[in-house]
Amino acid sequence: VDIEISAITTDSRKIQKNGMFIAICGEKSDGHDYIGKCFDDGALCCISERELPGESRPYIQVESSLTALKQLAAYYRQQLDIKVVGITGSVGKTSTKETIASVLAQKYKVKKTQGNFNNEIGLPLTVFTLEESDEIAVLEMGISDFGEMTRLTAIACPDVCVITNIGWCHLENLKTRDGILKAKTEIFKSMNPDGTVILNGDDDKLITVDEVNGKKPVRFGISYKDGVYASDIKNLGLDGTSFVINGLSCDDTSKAFEVTVPVPGYHMVYNALAAACVGAQSGLTSVQIQTGISKLKTIAGRNNIIKTDKYTIIDDCYNANPVSMKASVDVVNMALGRKVCILGSMFELGSDEKNLHYDVGQYIGTRNIDVLITIGELAKHIAMGAADYKETHYEAYECNIHSYETIDDFEKEAGSIIKNGDSILIKASHAMNFDRIVTMLSEQ
């Protein structure tokens with residue numbers, strides 16, 4: 001009897017009836033320990049790196065489960081008649097992915113990366129969720145070292161490649177922004193040779209990419225005016241931003257048209273421009289692009305606005321690097337009333353990590369932030385940067401600065417620092433677990 005595998009997973013807790021379990025040795029647990037349980041829970045088959053003496057149920061022994069996972073996903077992707085949009089960059093991958101998906105959903109059945117499933121395990125698992133009825137997949141692709149993107153793009157084989165920017169993250173392995181550029185542009189290696197590359201024209205590194213597969217990239221920007229660009233930008237505070245898109249040829253018009261991004265932050269203009277470019281390349285009208293941008297919804301941990309009886313919370317705690325942290329500070333700076341930043345340590349910044357934190361503190365000094373709270377060893381240097389700025393600009397700068405070792409230390413004093421009516425930015429690297437702070441303040 002032929003039975004089709006219903007789903008593929010590396011998480012024994014998510015096994016489905018007639019599913020396949022791929023046992024991977026992780027840092028914290030070994031998937032091989034759960035093979036028996038997966039069979040008991042209905043798995044049709046398992047992939048294992050080990051021989052399983054006494055196991056009568058069907059399994060496939062391989063040299064590397066991770067390699068098998070990626071090869072299966074690459075094969076499955078090739079069987080589907082589906083357009084793939086691959087997104088990478090140092091900052092803004094997730095928010096750009098959400099914006100692109102919101103736009104494309106106005107015309108197509110779209111599947112997108114969920115959560116943080118953007119690496120060499122997450123991307124294949126996302127590919128396995130694709131169905132024949134899906135028309136476009138919007139896949140986020142994240143890396144931290146050379147060669148990773150080559151392996152990811154071999155799985156995704158994108159028809160459209162979007163690179164948001166080249167910033168200052170994963171410097172431990174990639175060392176310099178030129179290293180980051182080299183690693184990110186590996187996305188072109190297995191893309192559709194007839195596909196489209198869409199790049200940020202305001203980025204000094206991406207502007208050096210002159211052509212890919214003999215074709216000029218489509219560029220977007222604000223300062224850059226030779227491609228698709230934004231003008232007449234109006235800050236709507238925490239309600240978002242409106243602006244005019246110029247230079248975009250859609251199915252119904254080549255004229256400029258206005259859009260409103262309902263998510264705050266100047267950086268969201270870039271995300272919307274990228275989405276507009278993808279939409280136009282995919283045959284959408286200006287009205288569809290306009291509607292898709294206006295319907296954008298935020299997700300937890302990603303510039304998500306939470307309004308409680310006491311506070312307005314900007315939950316941006318999923319991850320952080322110097323560029324995204326400054327962008328988030330700009331978001332809270334738009335708020336009315338008292339502005340509070342609760343910032344934590346940023347990781348994977350290499351040997352210059354202390355200076356990069358200090359620089360964020362100096363940047364905060366140039367904004368109208370009323371209260372700065374830092375948590376963590378590295379985040380102390382944010383406080384130091386802000387304090388030094390305050391000392392040299394004492395007449396104009398009145399920010400109250402508090403620094404703590406742990407979240408527990410902060411929670412003991414939070415009630416005496418945070419006030420009703422505050423707008424509060426919460427941001428740090430994911431490992432800092434700042435979602436605890438979001439929960440605490442949301443429930444007060």
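Visitor: Is Cys-157 buried or exposed?
Guide: Cys-157 is buried, with a relative accessible area of 14%, where buried means under 20% relative accessible area, exposed over 50% and partly exposed in between, using a 1.4 Å probe and protein chains only. This is a predicted model, in which local features need pLDDT of at least 70 and side-chain atom pairs count only at pLDDT 80 or more, while totals for chains, interfaces and linings use all residues. Residues are numbered from 1 along each chain as its sequence is written, and side-chain values use heavy atoms, with hydrogens and water left out.

Visitor: How many disulfides are there?
Guide: The count comes to zero disulfides, taking a disulfide as a pair of cysteine sulfur atoms within 2.5 Å. Cys-157 is in no disulfide, and its nearest cysteine sulfur, that of Cys-161, lies 10 Å away.

Visitor: And what about Cys-317?
Guide: Cys-317 is in no disulfide either, since the count is zero by the 2.5 Å rule; for Cys-317 the nearest cysteine sulfur is that of Cys-341, 14 Å away. Cys-317 is also buried, with a relative accessible area of 7%.

Visitor: Switching topic, where is Lys-97, and what does Lys-97 touch?
Guide: Lys-97 is found in helix α3, helices being DSSP runs of H or I with at least four residues and strands DSSP runs of E with at least two, both numbered from the N terminus. Lys-97 is buried, at a relative accessible area of 1%. Leaving aside residues up to four places away in sequence, Lys-97 touches Ile-87, Lys-112, Thr-113, Val-138 and Glu-140, where contact means heavy atoms within 4.5 Å.

Visitor: Why is helix α7 largely enclosed?
Guide: Six of the eight residues of α7 (residues 177–184) are buried, so the helix is largely enclosed by the rest of the structure. The buried residues are Arg-177, Gly-179, Ile-180, Leu-181, Ala-183 and Lys-184, and what covers them includes β5 (83–88), α3 (93–104), α5 (148–156), β8 (160–163) and α6 (171–174).

Visitor: Zooming out, how many helices and strands does the chain have?
Guide: The chain has 14 helices and 19 strands. Its radius of gyration is 23 Å, close to the 22 Å that the globule rule gives for 444 residues, so the chain is as compact as a globular protein of that length; the radius is taken over C-alpha atoms, and the rule is 2.2 Å times the number of residues to the power 0.38. Buried residues make up 54% of the 444 residues, and the C-alpha trace spans about 80 × 55 × 40 Å along its principal axes.
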